[in-house]
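Visitor: Could you take me through the salt bridges here, one by one? I'd like a close look at where the partners sit and how buried they are.

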Amino acid sequence: MTRLGLARATVGRPWWLRFASRFDWPLFCTTVLIAGIGLLNLHSALSGTRHEALFARQVAWMLAGAIAFFAMTAIDYRFWERFAWFLLGGAIVAVALVYVAGVSVKGAQRWLGVAGVTVQPSELAKIAVIVALAQFAQEAEGGQLTRRQIAVRVAALAAPVGLIVAQPDLGSAVLVALIVLSVAYFTVSDLWRIHAVVIAGLAALPLLWERMETYQRNRVLCFLDPESDPTGLCWHTKQSIIAVGSGRILGEGYMNGTQNQFKFLPEHWTDFPFSVFAEEWGFVGGVVLLALFAFLILWIVNAALHARDRFGAVLCLGVAAMLFWHTAVNVAMVLGLAPVVGVTLPLVSYGGSSVMTVFLGLGLVSSVSARRHGF
């Protein structure tokens with residue numbers, strides 16, 4: 001190794017050969033595999049519906065996401081450290097703009113129209129929050145932050161969560177809060193502060209219940225008792241559980257799932273794509289898909305352990321937390337183990353904002369991984 005951390009074998013080689021030798025191929029190949037499964041599953045979910053055109057849009061978003069992935073890989077991840085406050089501020093403004101210029105879909109006002117495309121700021125805000133967390137952790141490493149500075153940073157991270165809750169988008173707000181708490185758990189030395197935040201959050205649940213919309217309360221009630229209204233408010237959960245159970249061990253075959261093809265399963269291309277997959281590929285297929293997610297998340301944690309600095313390590317931890325909680329909450333929702341809160345399954349659910357957010361996050365991890373030893 002040289003003093004700059006370059007392997008001697010790479011010195012003098014063209015930059016693209018050094019880049020290829022440092023590129024995180026397992027991360028990229030696993031991402032492509034999950035995205036390919038997601039597209040196949042989406043094709044089945046949309047087949048025979050009036051939404052078939054969404055498949056072409058998802059392919060376009062995947063291609064745009066792949067470009068974003070390589071762009072983020074090419075940019076040194078340390079470049080983003082100086083723009084952490086700007087990114088977080090931009091995310092807060094974008095989420096706030098939803099209230100005055102948002103696009104309403106099915107009664108929820110969570111999207112902004114940009115150049116003929118609708119984007120969901122609460123999804124993209126997760127990347128800004130992760131970059132901010134990494135920058136704050138880097139600052140705190142020297143132990144020079146005052147209590148006032150810490151309070152300002154905690155308030156800045158809480159701002160997007162509060163705005164998203166008020167949209168109302170409880171699922172995205174919970175996901176952002178879980179990402180922050182997960183990263184804090186591994187970076188804050190005094191765990192009592194984290195426990196105090198969690199206890200305060202649990203104590204605030206009655207207030208949150210009062211602020212929830214009627215349909216959100218009904219989803220919680222259906223989670224607690226799915227038999228309370230099986231043909232009405234609890235229809236989503238009941239049909240999802242039936243679809244997963246219908247798959248048995250090996251599944252009913254691609255595009256042969258009755259719950260999916262006969263359209264018994266609502267929102268099966270956004271909130272319940274795992275139900276479609278489990279019905280068609282069975283228990284074995286479901287385990288394989290979850291194993292791919294597990295490998296991807298553990299691989300990202302491994303990238304965090306080998307990062308050159310604290311900023312890169314926390315970036316990876318934040319992305320790992322985002323993928324973990326998205327996958328865990330979505331699958332729990334599908335199996336009736338959590339209320340239906342509209343959380344997507346990464347790269348499998350339909351949605352341009354979700355796809356771009358995941359690819360941007362994985363691009364950050366790829367950049368950290370590629371620069372473990374410099375290139």
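**Salt bridges up close**

Guide: Let's start with D76, which pairs with R371 in a salt bridge whose closest N and O atoms are 3.9 Å apart. That link spans distant parts of the chain: D76 sits in the loop between α3 (54-74) and α4 (84-101), while R371 is in the segment after α15 (352-370), 295 residues apart. Helices here are DSSP runs of H or I, at least four residues, numbered from the N terminus. A salt bridge means a side-chain nitrogen of Lys or Arg within 4 Å of a carboxyl oxygen of Asp or Glu. D76 is partly exposed at 25% relative accessible area, but R371 is buried at 7%. For those words, buried is under 20% relative accessible area, exposed is over 50%, and partly exposed is in between (1.4 Å probe, protein chains only). R78 joins in too, linked with D76 and R371 in a network of salt bridges.

A quick word on the source: this is a predicted model, so local features need pLDDT of at least 70 and side-chain atom pairs count only at pLDDT 80 or more, while totals for chains, interfaces and linings use all residues. Residues are numbered from 1 along each chain as its sequence is written, and side-chain values use heavy atoms, leaving out hydrogens and water.

Now for helix α5 (residues 121-140), where K126 and E123 are 3 residues apart, about one helical turn. Their side chains form a salt bridge at 3.1 Å, N to O. K126 is buried at 1%, and E123 is buried at 5%.

Next, R153 bridges to E139 with N and O atoms 2.7 Å apart. R153 belongs to helix α6 (residues 147-165) and E139 to α5, so the pair ties together parts 14 residues apart in sequence. R153 is buried at 12%, whereas E139 is partly exposed at 27%.

How values were computed: Helix = DSSP H or I, 4+ residues; strand = E, 2+ residues; numbered from the N terminus.
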